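Dear colleague,

Please find below the structure that I am handing over to you.

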Amino acid sequence: MSVPDVLARKFDKRFTLYDADGDGVLTRDDFQLAATRFLAAFGVPADSAKGRDVVAAYASMWNALIHSADDDSDGHLSRAEFTAYLSGQEFRTSGYAATAGRIAESVLTVCDIDGDGRISFEEFAAIPGICSLSEAERREVFDRLDTDGSGHLDISEIHAAQRDFYASTDPGAPGNLIFGRF
């Protein structure tokens, strides 16, 4: 199956972000390290309730990926296996909720420092990957994701952005920017 170029570039970006040790393959350790680094960026202990939820969400993502995408059963995922899974029907119909959707929900609780159930621009700007963008780029991404113009991101906007990222072939889709430029 041929993957449209815009999706291939986004999936490559996501693979690189998950590949925490930079060795070119995804393993359970990458997902554990990605969760740990995310929590550390917000000063949340891994053994706290929020921390355990994030760690469990990343573990759930890994388990779903290795079960569904490891075509050669070697215990790790290549870029090709990862891309094939994300572009396939299983991910689009049921995989998102159990994987990226679950991570989004657990991450939201960590990013939501004031506990109001929404993410302000300041909270958004602290997210690893986003914080490396310039102030103008962070504002552009945030404003494009804030589809209702409330000045905050709620979980429905986060899910919509991620669905854009994982599914839209429109190079201008707002969700394409959720993990920074690709």
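Tyr18 and Phe82 are both buried (under 20% relative accessible area with a 1.4 Å probe and protein chains only; over 50% is exposed, and partly exposed lies in between). The model is a predicted one, in which local features need pLDDT of at least 70 and side-chain atom pairs pLDDT 80 or more, while totals for chains, interfaces and linings use all residues. Residues are numbered from 1 along each chain as its sequence is written, and side-chain values use heavy atoms, without hydrogens and water.

There are 11 aromatic pairs in the structure (Phe, Tyr or Trp rings, the six-membered one for Trp, with centres within 6.5 Å; planes under 30 degrees apart are stacked, over 60 edge-to-face, the rest tilted). One of them joins Tyr18 and Phe82 edge-to-face, at 6.0 Å between centres and 80° between planes. Because Tyr18 belongs to helix 1 (residues 5-18) and Phe82 to helix 4 (residues 79-87), this pair ties together parts 64 residues apart in sequence (helices are DSSP runs of H or I, at least four residues, numbered from the N terminus).

Phe121 and Phe142 also pair edge-to-face, with 5.6 Å between centres and 85° between planes. Phe121 is buried at 8% relative accessibility, and Phe142 is buried at 1%.

Two arginines lie over these rings (CZ of Arg, or NZ of Lys, within 6 Å of the ring centre and within 35 degrees of the ring normal): Arg14 is 3.9 Å from the ring centre of Tyr18, and Arg139 is 3.8 Å from that of Phe121.

Yours sincerely

How values were computed:
Helices (H or I, at least four residues) and strands (E, at least two) are DSSP runs, numbered from the N terminus.
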